[in-house]
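Please keep the structure in view while reading.

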Amino acid sequence: MAAEFLKTRGIDLQGEISKVQFGDASSTKESSTFTRQKVGKIQGVRLPNREPDSRWDISIEGKAITSIRPHDTQNLAHASDPEILNARDCFLAPSLCHPHVHLDKCFLLNDPKYADLSIEKGEFAEALSLTSKAKSRFSLDDLLRRGRWLIEESIEAGVTCMRAFAEVDAMVRFKCLDAALTLKAQYRDACEIQICAFAQDPVFSGENALDNRALIEEALQRDGVEVVGSTPYVEADETRMRKNVDWVVDVASEYGKHLDLHLDYNLDANKEPMIWYVIARLHSQQSVSKRNEKTTVLGHCTRLTSFTADQWHDLRRRIGDLPVSFVGLPTSDLFMMGKPSNEEGGGERVRGTLQMPQMIQQYGLAGTIGINNVGNAFTPQGSCDPLSLASMCVGIYQAGTKTETELLYECVSRRAKAAIGCGDGKNLEMHEGGEADLIIFDVGTSGRRRGRRTLQELVYDPPERRIVTHEGNVVTLEND
């Protein structure tokens, strides 16, 4: 029985999920870490943008939704079919996405290998120093181990797509990239992992600048690398920051890659933001670019939090039809930005992270939010669950209305996918032909515990128990 199969993986569908069950079926083992079970129909679920008390049946063929019909209570006898999932009263929504996550730097604070690299000050300079020391010790084994932790915890949360940064530079060379490509292949049937060859270190400052550029360009010729990224603010001065931007825009065009920039990571209202130069440079490259259908993502951008309304409108006007999205990274930004000195009383504290709901609703910008780092000196707090981030953002953005909470869910789901060039739309409306990457929430609560009836309730208080489908298959991680 499939129920027995899932029970061995930690899901007791008889005792714990009495109303959510598969029929008889054997499942196909796809890898050493997860299994896939084909689904043809999901019955009796609540859906976003539908009446909370309505129930729906979702039919799936291959990777796509083929029909959405009112729940048919007369055909429950077919629940013995191995491809039918009776998910009565559960809430079903599109799967989640990490638009920005550092695969190689995750869980450094949780790995005994780096136990001596603990946070003492909680400052940006310290985070850079601790991470650099950790990088000098990276090995393929520990990169794979920590990367698996992140990917598997993300899959359990409902992530079926992510953009993962892998640093390439003179210190680590292709070590991080090799690990990322290995993990991408290993989990390809459970989660789409976009790999970004990332220049965290300067490419126009310091003794390794030339080598760093050459290594990135070599990395972009590797199969499986879809994105190039850089960090202009690490350069020694503004002239070299602009050279960084020029170079990375050019190589993205030359190799036909998505582009991802860590940009304007400061709260200095007197400092000219680099965003204006980046937008102008993207327009100048647009007519000669090979990047058709490719996107540009701009991360952090905390300097923009001091923009006036006129500056925001000007930014939207300058972007025009460029496929540019912003990603706010609240867990990192709030931990790193605006920490007062010991001499300050604390009331002067300025906190900076992109006000994403306002950027989308008021200024018409494309945007999303992401966890960025997890378990390291840049972001010691938080988990791999994007929905927990959306929930935290209810308070950060003071965004608790129905419309606002639905937008927050979009920002960790379909808007996040659209930003990185994945998925089939930005809103949460289910439709025939849509992708069958889904999450069933509140598994096991029917008739026993409080269930979530709306998306707003999901964002307020994310439930832990979830069933995840990727390309029309339930993905179940194996327990050691």
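## Packing of helix 3 and helix 4

Helix 3 and helix 4 (residues 175–186) pack at an angle of about 45 degrees, and their axes are 9 Å apart. Axes here are lines fitted to C-alpha atoms, for helices over the stretch in contact, and angles run from 0 to 180 degrees between N-to-C directions. Helices (H or I, at least four residues) and strands (E, at least two) are DSSP runs, numbered from the N terminus.

Contact means heavy atoms within 4.5 Å. On the side of helix 3, the residues in contact include Leu-140, Leu-143 and Ile-151, while those of helix 4 include Cys-176, Ala-179 and Leu-183.

## Basis of the model

The model is predicted: local features need pLDDT of at least 70, side-chain atom pairs count only at pLDDT 80 or more, and totals for chains, interfaces and linings use all residues. Residues are numbered from 1 along each chain as its sequence is written, and side-chain values use heavy atoms, with hydrogens and water left out.

Side chains of opposite charge can pair when their charged atoms come close. A salt bridge is defined as a side-chain nitrogen of Lys or Arg within 4 Å of a carboxyl oxygen of Asp or Glu. By this rule, the count is 29 salt bridges.

One of these joins Asp-142 and Lys-113, at 2.8 Å from N to O. Asp-142 lies in helix 3 (residues 140–157) and Lys-113 in the loop between strand 9 (96–102) and helix 2 (124–135), so this pair ties together parts that are 29 residues apart in sequence. Asp-142 is buried, at 1% relative accessibility, whereas Lys-113 is partly exposed, at 32%. Buried means under 20% relative accessible area, exposed over 50%, and partly exposed in between (1.4 Å probe, protein chains only).

## Salt bridges within a helix, and a network

Arg-242 and Glu-238 form a salt bridge with their closest N and O atoms 3.4 Å apart. Both residues lie in helix 6 (residues 238–255), four residues apart, about one turn of the helix.

Lys-105, Lys-135, Glu-167, Asp-169 and Asp-201 are linked in a network of salt bridges.
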